[in-house]
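Reader: Before we discuss the labels given to this structure, could you set out the reasoning behind each one?
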Amino acid sequence: MLGAALFSAGACAETVGEVSTVWKLIGPNHKIVVDAYDDPKVEGVTCYVSRAKTGGLSGAVGLAEDKAEASIACRQVGPLRIRDPLPRKEEVFSERQSVLFKRLQVVRMVDPARNVLVYLTYSDKLIEGSPQNAITAVPVDAALQIPLKK
């Protein structure tokens with residue numbers, strides 16, 4: 001299905017759960033889905049993204065365009081390990097939300113002054129993106145300085 005097509009190497013979504021929001025007579029219900037993504041370059045960080053998923057007949061055949069609304073919470077779930085220097089800004093995950101034009105994205109930013117990893121989620125479109133966004137931050141212990149790409 002197109003909604004599960006991920007483009008970032010090494011990034012795999014694991015669905016944690018979902019709730020129905022609108023019952024549909026034909027096809028799946030409209031729902032809110034919660035997926036977990038492990039940051040492929042920062043071991044020990046998992047991001048949880050909730051988003052609307054359109055059901056009905058168009059959702060069943062993969063032609064529905066999901067709303068450009070998402071929420072994100074990233075947490076340290078184990079010891080942090082950063083093997084290679086990180087760029088100050090990098091797309092971590094990208095997922096299609098419509099057949100051709102819309103993608104949900106998660107971008108990691110590094111705040112070196114505070115030793116924090118900041119994650120931003122938003123939706124973009126070929127012609128016009130959406131200002132809908134959500135942000136979360138994962139503080140990194142001072143003993144582990146975040147290595148930055150030059």
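Author: In this predicted model, a disulfide joins cysteine 47 to cysteine 74, with the sulfur atoms 2.1 Å apart.

Reader: What makes the pair of cysteine 47 and cysteine 74 a disulfide?
Author: A disulfide requires two cysteine sulfur atoms within 2.5 Å, and the S to S distance here is 2.1 Å, so the pair qualifies. The structure holds one disulfide, and this link, which is right-handed with 105 degrees about the S-S bond, connects distant parts of the chain, since cysteine 47 lies in strand S3 (residues 43-53) and cysteine 74 in strand S4, 27 residues apart. Both cysteine 47 and cysteine 74 are buried.

Reader: Why is valine 77 called exposed?
Author: Exposed means over 50% relative accessible area; valine 77 has 53% relative accessibility and therefore counts as exposed. Valine 77 lies in strand S4 (residues 70-81) and, together with Val16 and Tyr48, makes a nonpolar surface patch of about 270 Å².

Reader: Why is the pair of tyrosine 37 and phenylalanine 93 called tilted?
Author: A search of the whole structure finds one aromatic pair. The ring centres of tyrosine 37 and phenylalanine 93 are 4.7 Å apart, and their planes stand at 35 degrees; planes under 30 degrees apart would count as stacked and over 60 as edge-to-face, so this pair is tilted.

Reader: How do you know that tyrosine 37 is buried?
Author: The cut-off for buried is under 20% relative accessible area, and tyrosine 37 has 3%, so tyrosine 37 counts as buried; phenylalanine 93 is also buried, with a relative accessible area of 3%.

Methods: Residues numbered from 1 in each chain as written. Predicted model: local features only at pLDDT ≥ 70, side-chain atom pairs only at ≥ 80, totals over all residues. Heavy atoms only, no water. Patch = residues over 30% accessible without salt bridge, like charges linked within 9 Å, V, L, I, M, F, W, Y side chains within 5 Å. Areas by Shrake-Rupley, 256 points an atom, 1.4 Å probe, with all protein chains shown as cover. Salt bridge = Lys/Arg side-chain N within 4 Å of Asp/Glu carboxyl O. Helix = DSSP H or I, 4+ residues; strand = E, 2+ residues; numbered from the N terminus. Buried < 20%, exposed > 50% of the residue type's maximum accessible area, 1.4 Å probe, protein only. Phe/Tyr/Trp six-rings, centres within 6.5 Å; stacked < 30°, edge-to-face > 60°.
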